[in-house]
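Biologist: I'd like to learn how to read a model like this one, feature by feature. Could you walk me through it?

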Amino acid sequence: MTIAAKEIKLLVVDIDGTIAGESNKISEPVKQAITAAQARGIQVAIATGRMYRSALRFHQDIGSTLPLIAYQGAWIQDPICQHVHQHLPVPREIAQKLLDYFEQPELRSLLSVHFYINDQLYVREITTETQIYSERSGINPIPVGDLRQVLSTNEPTKVLALCNDTNIIDNLLGSLRSQYTPAELYLTKSVATFFEATNPFVNKGAAVRYIAEEMLGLQSSNVMTIGDNFNDVEMLEYAGIGVAMGNAPSKVQAIAKWVAPSVEQNGVAVAIEKFLMS
């Protein structure tokens, strides 16, 4: 099925590895391409695994007037009126079980565990991985020692485990996918070193569908999405035009309708030119 450019009314883009590369900023060619799409009446939104407060500057950079999809869609908030359209946290009991799993003797020293509660980042201690993460995201982590303290009265929006050894992250994902059904937890990787767990009803595809259909009265054929990793798969599958970045893993590229150049080659600008400016 060929979808004409004129049918696309909504463009949704991921941040890291998609509109922002090593520089942690949106390049001028990508900004200009997004502005050109908006000038044609196409609305643009962001869907990211990042915290809401960490994603906000990118949302402002592209001049989006739509709600911001953060935490893979667990948190959807309108920055203009501050209305939270959706917040779906991880159930407390499951978060506690995940923490027990991460703190097994053979894993505890290998993982940096992040709990996101009320758009704040709580950690056991500030590890090297956490420090690098916080610098890129512009967030000050709050070290609390025992993370069970923050779980006693809160449910996390997202649980993240970081490890520089990608094999450990892959094993973690495989092991926990055998323990939890998709009806209990949504498990994914946003980058090769990040294991992420959210509420089972959360994924970027469901969040994009909410904005497209519930808010804007559109259909999937009116939507184009661009992403670069496994947490983007559902929104790439949902959209009439799902574009994977050239830096995406091959399995992500395989499900896309088209593969753009890499983030460092301004792939989003190339995709916009190809599909939305013709």
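Biologist: Where is the place of Ile-272?

Modeller: Ile-272 sits in helix 11. Helices (H or I, at least four residues) and strands (E, at least two) are DSSP runs, numbered from the N terminus. This is a predicted model, in which local features need pLDDT of at least 70 and side-chain atom pairs count only at pLDDT 80 or more, while totals for chains, interfaces and linings use all residues. Residues are numbered from 1 along each chain as its sequence is written, and side-chain values use heavy atoms, with hydrogens and water left out.

Biologist: Is Ile-272 buried or exposed?

Modeller: Buried means under 20% relative accessible area, exposed over 50%, and partly exposed in between, with a 1.4 Å probe and protein chains only. Ile-272 has a relative accessible area of 1%, so it is buried.

Biologist: Which residues is Ile-272 in contact with, leaving aside its neighbours within four places in sequence?

Modeller: Contact means heavy atoms within 4.5 Å. With those neighbours set aside, Ile-272 touches Leu-11, Ala-33, Ile-34, Ala-37, Met-224 and Met-277. Take Ala-33: it is 239 residues from Ile-272 along the chain, yet their C-alpha atoms are separated by 6.4 Å.

Biologist: How should I read the helix as a whole?

Modeller: Start with the general idea: an α-helix has 3.6 residues a turn, so residues three or four places apart point the same way. Helix 11 spans residues 267–276 and is mostly covered, with seven of its 10 residues buried. Those seven are Gly-267, Val-268, Ala-269, Ala-271, Ile-272, Phe-275 and Leu-276.

Biologist: What covers the buried residues of helix 11?

Modeller: The cover includes strand 1 (10–13), helix 1 (28–39), strand 12 (223–227), strand 13 (241–244) and strand 14 (258–259).

Biologist: Let's turn to sheets. How do I read one?

Modeller: Strands of a sheet pair through backbone hydrogen bonds, either parallel or antiparallel. Here, two strands pair if DSSP finds at least two bridges between them. One case is an open sheet of six strands in the order 8-7-6-9-11-10, with mixed pairing. Its edge strands are strand 8 (142–143) and strand 10 (186–189), each of which pairs on one side only.

Biologist: How many bridges join strand 7 to strand 8?

Modeller: Two bridges do, and strand 7 (residues 120–123) runs parallel to strand 8. Tyr-122 has Ile-142 as its bridge partner in strand 8. On the other hand, strand 6 (residues 112–117) and strand 7 are antiparallel, paired over four bridges. There, Ile-117 has Gln-120 in strand 7 as its bridge partner.

Biologist: What about the turns and loops, where phi can be positive?

Modeller: Most residues other than glycine have a negative phi, and most peptide bonds are trans. In the hairpin of strand 6 and strand 7, with two residues between the strands, Asn-118 takes a positive phi near 50°. Another hairpin joins strand 4 and strand 5, has six residues between the strands, and gives Gln-82 a positive phi near 70°. Strand 4 (residues 75–77) and strand 5 (residues 84–87) pair in the antiparallel sense over three bridges, and Ile-76 has Gln-86 as its bridge partner in strand 5.

Biologist: And in the loops?

Modeller: Asn-24 lies in the loop between strand 1 and helix 1. This residue is not a glycine, but Asn-24 has a positive phi of about 65°. Asn-24 is also buried, with a relative accessible area of 12%. Tyr-71, in the loop between strand 3 (68–70) and strand 4, has a positive phi of about 50° without being a glycine. At 0% relative accessibility, Tyr-71 counts as buried too.

Biologist: Which residues is Thr-198 in contact with, leaving aside its neighbours within four places in sequence?

Modeller: Tyr-71 is one of them, and the others are Gln-72, Val-90, Thr-157, Lys-158, Leu-185 and Tyr-186. Thr-198 is in strand 11 (residues 194–198) and counts as buried because its relative accessibility is 1%.

Biologist: How do I read the chain overall?

Modeller: The radius of gyration is taken over C-alpha atoms, and the globule rule is 2.2 Å times the number of residues to the power 0.38. For 278 residues, a compact globule would be near 19 Å, and the protein chain agrees with its 18 Å. The chain has 11 helices and 14 strands, and 56% of its 278 residues count as buried.
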